[in-house]
Amino acid sequence: MQTQKTLNKKENQSVIWWIGWILLTIGSFFVAAFFWTPVIAKHVGSVRETKASILWVAAVFGSWLVALIPLIIFMYRKVDKAYEDARIRREKMAGRFQSTLIEKSKRTLSGELSSKLKTWPETIPGGHLVNAVLKNGRRIPNVFVAEGNEILGIYNAKELDFEGKDISDLEPADLSKASFLATNWTRLDGVLSPD
């Protein structure tokens, strides 16, 4: 996991690269001007004359643009890498689920419900996606139960506001309408999302 200190260091390095690139761009213009001014003055005449000034502009800007080509390529690669790193960070952030630690005893289903659930086909290996019906009649959609007895996750809820003993029945979740975002899942065993 990248720490804030590491991210700040990378941002500072990016700023330093941009400042360096700007200084090299400006500096390369002055190098071209300082090189061509005496050469043109010696071989053509004063740069205040029309013919010499046109040649001076062509020589200085031409050599400056030629000198900028490697700088532009280099900075394009740096910018491209920065965008790629930002895209990867966004994707990692989008794939993170929330996590909270709820005591396992509060997340465990009754033996009867566990036996019932174990007869159903698994939604994914080792787990079932179900709707829980509480004893007070409330329905909790999209509850993930691991190994047939442990409530491990819940969708669109920040916390578990019921316990396993409060569940009177389970129903298979309707997967035909399922469209889940990782960020909307809350894992209940305290395990954090990997980087």
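**Basis.** In this predicted model, local features need pLDDT of at least 70 and side-chain atom pairs count only at pLDDT 80 or more, whereas totals for chains, interfaces and linings use all residues. Residues are numbered from 1 along each chain as its sequence is written, and side-chain values use heavy atoms, with hydrogens and water left out.

**Strand E2.** I took helices (H or I, at least four residues) and strands (E, at least two) as DSSP runs, numbered from the N terminus. I counted a residue as buried under 20% relative accessible area, exposed over 50% and partly exposed in between (1.4 Å probe, protein chains only). In E2, residues 127–134, I found eight of eight residues buried. One side carries Gly-127, Leu-129, Asn-131 and Val-133, the other His-128, Val-130, Ala-132 and Leu-134, and both are covered. In a regular strand the side chains alternate between the two faces of the sheet.

**Pairing.** I used the rule that two strands pair if DSSP finds at least two bridges between them. E3 (residues 139–146) runs antiparallel to E2 and is joined to it by six bridges; there, Val-145 is the bridge partner of His-128. Four residues lie between these strands in their hairpin, where Gly-137 has a positive phi near 95 degrees. E5 (residues 167–172) is also antiparallel to E2, over five bridges, and its Pro-172 partners Val-130.

**Helix H4.** In H4 (residues 111–118) I noted Leu-113, Ser-114 and Leu-117 as buried. They lie on the same side of H4 because they cover an arc of only 100 degrees around the axis, taken from the directions from the helix axis to the C-beta atoms. Gly-111 and Glu-112, on the other side, are exposed. By contact (heavy atoms within 4.5 Å), the cover over the buried residues of H4 includes E2, E3 and E5.
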